[in-house]
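Here is a friendly briefing to read alongside the model. Please have the sequence and the 3D view open as you go.

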Amino acid sequence: MKEYFKIAWRNLWRNRRRTFITIASVLFAIFLVLIMRSMQIGTYDYMVESAVRNSTGYIQVHGKGYWEDKSLDNSLIYNEELEEKIRNTPNVSSIVPRLESFALVSYGVQTKGIAVIGTVADLEDKASGLQNRLVKGNYLSENQKGVLIPEGLADYLKVDIGDSIVLLGQGYHGVTAASLSEVTGIVRFLQPDMNNQLLYMDLQQAQEFYAAPGHLTSVSIMLENPGRLYQTTKSLSDIDPDNLEVMTWKEMLVELLQYIEGDNISGLFMLGILYVVVGFGILGTILMMTMERRKEFGIMVAVGMKRYKLSLIILIESVVIGILGVLAGILLSMPFIVYFYHHPIQLTGEWAEAVMEYNMEPILPFAMEPGFILNQGIVVLIITLLASIYPFLVISRLKVVNAIKGK
Amino acid sequence: MGIIITKDLRKIYSETKVPVYALNGVSVTIEEGEFTSIVGPSGSGKTTLLNMIGGLDNPTEGEVHINGVNVTTLPSGKLIDFRLHHIGFVFQSYNLIPVLTARENVEFIMQLQGVPKKERAARAIELLESVGLSDKIDNRPGDMSGGQQQRVSVARALASKPRFILADEPTANLDSKSTAELLDIMLKMNEKHKTTFIFSTHDQRVMERARRIITIEDGVVAKDEF
Ligand SMILES: Nc1ncnc2c1ncn2[C@@H]1O[C@H](COP(=O)(O)OP(=O)(O)O)[C@@H](O)[C@H]1O
Ligand SMILES: [Mg+2]
């Protein structure tokens with residue numbers, strides 16, 4: 001084996017330039033693939049991550065029927081026992097209990113329909129980092145009156161810290177809900193939807209406002225390991241299957257998931273094309289290396305070398321080209337991936353706006369996944385193996401007598 | 001009992017418009033220790049005969065027996081092993097693996113045979129010395145003259161301790177000095193180690209050195225002189 005490796009290795013350097021060009025083509029493809037895919041996967045992860053953090057959590061527990069008909073009448077009753085059970089489910093890292101509904105908000109002559117989110121100040125902050133978005137006034141604190149509104153809404157209503165706004169809505173079982181609330185904090189979202197039409201208040205205040213003490217519309221759950229989504233969902237479903245529904249972000253963020261899947265297919269398609277090009281590049285080189293050595297091969301078989309051993313040499317040659325190209329490609333792309341993983345590209349202009357439409361910050365984060373990088377290496381190796389099939393056929397059909405004559 | 005016996009060998013190439021009778025009934029017996037030349041004009045069938053004897057090609061009819069084994073019926077995998085252990089080959093040119101040095105080329109065949117590394121190295125050096133190439137041991141074929149390359153080929157053929165060595169026009173590309181040197185070496189090996197040589201040529205000076213001359217014309221043995 002060592003002997004064959006020696007022959008293969010020296011053969012590779014017999015025509016340095018050709019070998020370099022082939023390795024460079026693999027390198028280039030791997031580089032493109034890794035950069036392109038880590039950007040794509042990074043974006044997907046980021047989309048999911050931010051959607052999960054800002055809205056749904058990885059898993060949500062609702063009252064039965066709530067997702068179909070988002071009415072307070074389908075809310076769930078939250079008590080310490082239930083909280084305990086959810087918190088103690090393995091893989092649950094944190095939870096955010098929320099009561100969400102609609103209301104009309106007005107100040108002076110301005111009125112607007114918005115979503116009211118009743119939440120627990122520090123849990124909310126832990127999950128979505130809401131406190132970091134504060135631009136004016138104070139963040140929510142538990143059991144305190146006062147509401148937090150986004151900048152866009154404040155501008156629309158022309159309110160500032162200390163002003164009191166009127167909220168009007170429909171509470172539990174159709175009760176009329178009305179209150180006068182002081183604006184105590186202003187937050188900034190880049191996402192137009194969020195920046196214009198929602199409002200945060202303390203959970204208990206919301207429960208009072210909607211006349212639904214002890215009720216929640218959802219418990220959002222963050223996970224220690226998002227990879228164990230389904231096992232955790234299963235455990236949560238067993239808590240109270242008669243009264244609760246448990247949904248994953250994949251069921252709740254269907255549009256996002258579809259967008260990602262669609263976009264991913266186009267990415268994979270590009271990947272496929274790139275790999276086909278690389279495959280033919282490798283095949284071409286291997287083929288030349290085989291054809292120009294027919295006479296040599298003929299003599300080797302004549303003096304007693306088995307054909308499969310010749311094939312082994314060719315295989316080693318192609319695998320070495322593949323591995324060198326892959327390693328060089330990984331080495332070259334790693335600094336870029338690591339850099340952009342830590343310093344996501346800031347988007348500007350139309351692209352930024354388009355991204356914000358999806359309720360996300362306008363950044364392009366890169367993914368850094370060893371598994372994915374390894375996979376690309378394996379794919380290229382498989383391609384080199386496939387490219388070796390043709391030379392194997394040539395070798396197995398080689399007529400020794402003709403090959404020696406140089407025919 | 002000869003080490004090589006061919007029985008009524010025929011090779012007909014019928015892919016061409018007119019079938020070519022490259023061998024048309026050749027029966028020869030070659031004994032151990034012979035130094036035999038196959039001669040004849042170009043196209044007479046020398047290469048075809050050597051290829052049949054060497055098990056590189058199948059006859060259309062007839063049989064080749066080597067050491068009592070009918071090689072014409074061996075399956076191709078077995079045949080490769082048979083060649084490895086029983087036959088040494090020297091071809092007209094470009095015999096050697098270009099990326100290996102002289103020593104590695106000689107060792108290569110022993111490595112295929114599974115000879116232990118130490119023994120291989122020692123024997124390769126010894127053989128290269130005996131063909132007068134002790135100063136070229138670590139040269140690659142590209143850095144050697146044609147005559148030197150052929151001498152390495154002879155050393156390689158000897159390395160496997162074959163029953164006989166087949167050499168198809170081994171001197172065809174050599175000048176007269178290199179030709180004489182190569183023949184000297186072959187003859188020396190033949191005399192010292194009783195190595196059987198069968199080589200083809202159409203060079204008068206080469207056939208003069210042979211102890212037996214088999215003349216082929218139009219695919220048949222025209223003369224067989226000792
Ligand atoms: N593969 C082949 N197909 C057709 N004819 C061949 C083939 N190989 C050899 N011949 C013919 O067989 C005859 C003998 O060839 P060969 O044994 O090479 O002669 P020599 O070695 O004596 O010059 C020649 O007429 C040659 O043209
Ligand atoms: Mg010939």
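Thr195(B) counts as buried, because its relative accessibility is 9% (buried means under 20% relative accessible area, exposed over 50% and partly exposed in between, with a 1.4 Å probe and protein chains only). This is a predicted model, in which local features need pLDDT of at least 70 and side-chain atom pairs count only at pLDDT 80 or more, while totals for chains, interfaces and linings use all residues. Residues are numbered from 1 along each chain as its sequence is written, chains are lettered from A and ligands numbered from 1 in the order in which they are written, and side-chain values use heavy atoms, with hydrogens and water left out.

- Thr195(B) sits in the loop between α6 (176-193) and β9 (196-201) of chain B (helices are DSSP runs of H or I with at least four residues, strands are runs of E with at least two, and both are numbered from the N terminus).
- Beyond its neighbours within four places in sequence, Thr195(B) is in contact with Glu34(B), Leu158(B), Ile165(B), Met189(B) and Asn190(B) (contact means heavy atoms within 4.5 Å).
- Lys11(B) belongs to strand β1 (residues 4-13) of chain B, and with a relative accessible area of 10% Lys11(B) is buried.
- Setting aside neighbours within four places in sequence, the contacts of Lys11(B) include Val20(B), Tyr21(B), Thr48(B), Met52(B) and Asp57(B).
- Helix α1 (residues 46-53) of chain B is mostly covered, with seven of its eight residues buried.
- Just after α1(B), Gly55(B) has a positive phi of about 70 degrees.

**Where chain B meets chain A**

- Here 26 residues of chain B are in contact with 22 residues of chain A.
- The two chains bury about 2200 Å² between them, 64% of it on carbon and sulfur atoms (buried area is the accessible area, with a 1.4 Å probe, that two parts lose on being put together, summed over both).
- On the chain B side, Ile80(B), Val99(B) and Leu112(B) lose the most area to chain A, together 23% of what that side buries.
- There are three salt bridges between chain B and chain A (a salt bridge is a side-chain nitrogen of Lys or Arg within 4 Å of a carboxyl oxygen of Asp or Glu).
- Asp81(B) forms a salt bridge with Lys306(A), with 2.9 Å between the closest N and O atoms.
- The elements giving two or more residues to the side of chain B that touches chain A are α2 (76-86) and α3 (102-113) of chain B.
- That side divides into 13 nonpolar, six polar and seven charged residues (Ala, Val, Leu, Ile, Met, Phe, Trp, Tyr, Cys and Pro count as nonpolar, Asp, Glu, Lys and Arg as charged, and the others, Gly among them, as polar).

**Salt bridges**

- Over all chains, the structure holds 29 salt bridges.
- Glu32(B) pairs with Arg163(B) in a salt bridge, the closest N and O atoms being 3.0 Å apart.
- This pair links distant parts of the chain, 131 residues apart: Glu32(B) is in the loop between β3 (29-30) and β4 (35-39), and Arg163(B) in the loop between α5 (146-159) and β8 (164-168) of chain B.
- Lys177(B) and Glu181(B) meet in a salt bridge (3.4 Å, N to O), and both lie in helix α6 of chain B, four residues apart, about one turn of the helix.
- Lys177(B) counts as exposed at 59% relative accessibility, whereas Glu181(B) is partly exposed at 29%.
- Asp184(B) and Arg209(B) also meet in a salt bridge (2.6 Å, N to O).
- Asp184(B) lies in helix α6 and Arg209(B) in the loop between α7 (204-207) and β10 (212-217) of chain B, so the pair ties together parts 25 residues apart in sequence.
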